[in-house]
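Trainee: I have a model open and would like to learn how to read it, feature by feature. Could you walk me through it?

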Amino acid sequence: MQDTTSPLRRSVLYVPASNDKALAKCASLACDTVIFDLEDAVAPERKPAARERLREFLAGDGRPGCEVVVRINALGSEWGTEDLLAARAVKPDGILLPKVNGPRDILDADAALDEMDAPRSVKLWAMIETARAVLNLGPIAELGQNPAARLACLVAGTNDLARETGMSLAPERGYMTPFLLQMVMAGRAGSLGVIDGVANDFRDLEAFGRACQDARAMGFDGKTLIHPAQIGPANAAFAPQPTEVAEARAIVAAFALPENRERGAISLEGRMVERLHLDMAQTLLARARAIEEKQQ
Ligand SMILES: CC(C)(COP(=O)(O)OP(=O)(O)OC[C@H]1O[C@@H](n2cnc3c(N)ncnc32)[C@H](O)[C@@H]1OP(=O)(O)O)[C@@H](O)C(=O)NCCC(=O)NCCSC(=O)C[C@H](O)C(=O)O
Ligand SMILES: [Mg+2]
């Protein structure tokens, strides 16, 4: 469940660590999180150079002020350990693990970070993009309840899921939706953030806006993005809408009335409203405030 302290992650932009122009641009963008990618956005022959470029870039003035996450190659791959060392060195908020199959992959990364003396404040994010990860969502999410584990967030990898399963992403991700919902359910059970996958067609912003609205209705915190043009629509779709803010304010005001202070359920404009709705209203208002503060 989102609460009043949940971080804003409406727009989570992948930036290829090998792309100088994209690196130079990212600090000026209004996304909530940047994921610097060492994995699929970087060709095999450019992996070492991308790692070095990222180290240099994040040590300099261009480092973005938002949440910073680094996606490494799978720890079992030939690049994994070097990537993890590089990621640890750039002091990120999170490290995103691709191709996670089950809890073991996360525990191994956790142990490797401990060996590197990485502070516990460096969190792990896990891509859910293999059929095995979907089958293991329960045990993966349980790590979120373990204070010793670093797991903070699940990220959908719909391209890889489509590749492995043969499942179509069209129309409107209808076949993929049950698994995305399973991911949201697991993430919430484990008190984890949950971020939706990317939309590859970055020029069709109308379709993208609809995809963001669907993702929000499914319960996702935000969407992963591949292009700066997707930031505005994602920020708008995952923000509380004016009617929702007005409704939330009315609920808070109604429960503050002396006659309602000791009541669990009240009637408001013909609808039953309970204290759980008061909690939801307070969360939504906190989110609206956080967005407002960010814009100032
Ligand atoms: C998709 C792109 C290759 C398109 O690039 P390009 O043709 O250069 O786009 P534009 O000319 O429209 O770009 C306009 C300006 O914006 C900058 N730009 C573009 N993309 C980014 C970005 N991601 N971050 C920051 N800045 C960006 C360009 O440099 C232009 O700048 P300027 O000329 O100075 O105005 C490209 O967008 C791209 O590479 N996107 C990211 C691709 C990526 O990271 N892929 C991997 C992550 S997605 C994934 O792996 C999904 C998951 O794992 C799964 O399985 O589903
Ligand atoms: Mg992927």
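Mentor: Gladly. Let's begin with a side chain: Glu129 is buried, with a relative accessible area of 3%. Keep in mind that this is a predicted model.

Trainee: How should I read that percentage, and where in the chain is Glu129 found?

Mentor: Under 20% relative accessible area a residue is called buried, so Glu129, at 3%, falls in that class. Glu129 sits in the loop between strand 5 (123–128) and helix 5 (131–135).

Trainee: Which residues does Glu129 touch, leaving out those up to four places away in sequence?

Mentor: They are Pro98, Lys99, Gly157, Asp160, Leu161 and Glu164. With Lys99 there is a polar contact as well: the Glu129 side chain reaches the backbone nitrogen of Lys99 at 2.9 Å.

Trainee: Now the ligand. How many residues surround ligand 1, and which are the closest?

Mentor: A shell is read by counting, then by asking who is in it. Here 22 residues surround ligand 1, and the closest are Tyr14, Arg71, Asn159, Ile226 and His227. By class, the shell has eleven nonpolar, four polar and seven charged residues.

Trainee: Which element gives the most to the shell around ligand 1?

Mentor: Strand 1, with four residues. Strand 1 (11–16), helix 1 (20–26) and helix 7 (158–165) each supply at least two.

Trainee: And which polar atoms face each other there?

Mentor: Look for pairs of N or O atoms. One oxygen atom of ligand 1 is 3.1 Å from an N or O atom in the Glu129 side chain. A backbone N or O atom of Thr158 lies 3.2 Å from an oxygen atom of ligand 1, and a nitrogen atom of the ligand is 2.8 Å from a polar backbone atom of Ile226. Taken alone, ligand 1 exposes 1000 Å², of which the protein buries 70%.

Trainee: Arg71 was among the closest residues. Is Arg71 buried or exposed?

Mentor: Buried, with a relative accessible area of 7%. Arg71 is part of strand 3 (residues 67–71), and a polar contact of 2.7 Å joins its side chain to that of Asp37. Residues touched by Arg71 include Tyr14, Asp37, Asp40 and Pro98.

Trainee: Next, the backbone. What should I look for?

Mentor: Most residues other than glycine have a negative phi, and most peptide bonds are trans. Lys91 has a positive phi of about 50° although it is not a glycine; it lies in the loop between helix 3 (80–89) and strand 4 (94–97) and counts as exposed at 65% relative accessibility. Asp117 also has a positive phi, of about 60°. Its place is the loop between helix 4 (103–115) and strand 5, and at 63% Asp117 is exposed.

Trainee: And which peptide bond is cis?

Mentor: The one from Ala170 to Pro171, with omega near -15°. Pro171 is in the loop between helix 7 and helix 8 (177–189).

Terms used. Residues numbered from 1 in each chain as written. Chains lettered and ligands numbered in written order. Predicted model: local features only at pLDDT ≥ 70, side-chain atom pairs only at ≥ 80, totals over all residues. Heavy atoms only, no water. Near = heavy atom within 4 Å. Polar contact = N/O pair within 3.5 Å; in protein donor to acceptor, adjacent residues only side chain to side chain. Areas by Shrake-Rupley, 256 points an atom, 1.4 Å probe, with all protein chains shown as cover. Nonpolar A, V, L, I, M, F, W, Y, C, P; charged D, E, K, R; others polar. Buried < 20%, exposed > 50% of the residue type's maximum accessible area, 1.4 Å probe, protein only. Contact = heavy atoms within 4.5 Å.
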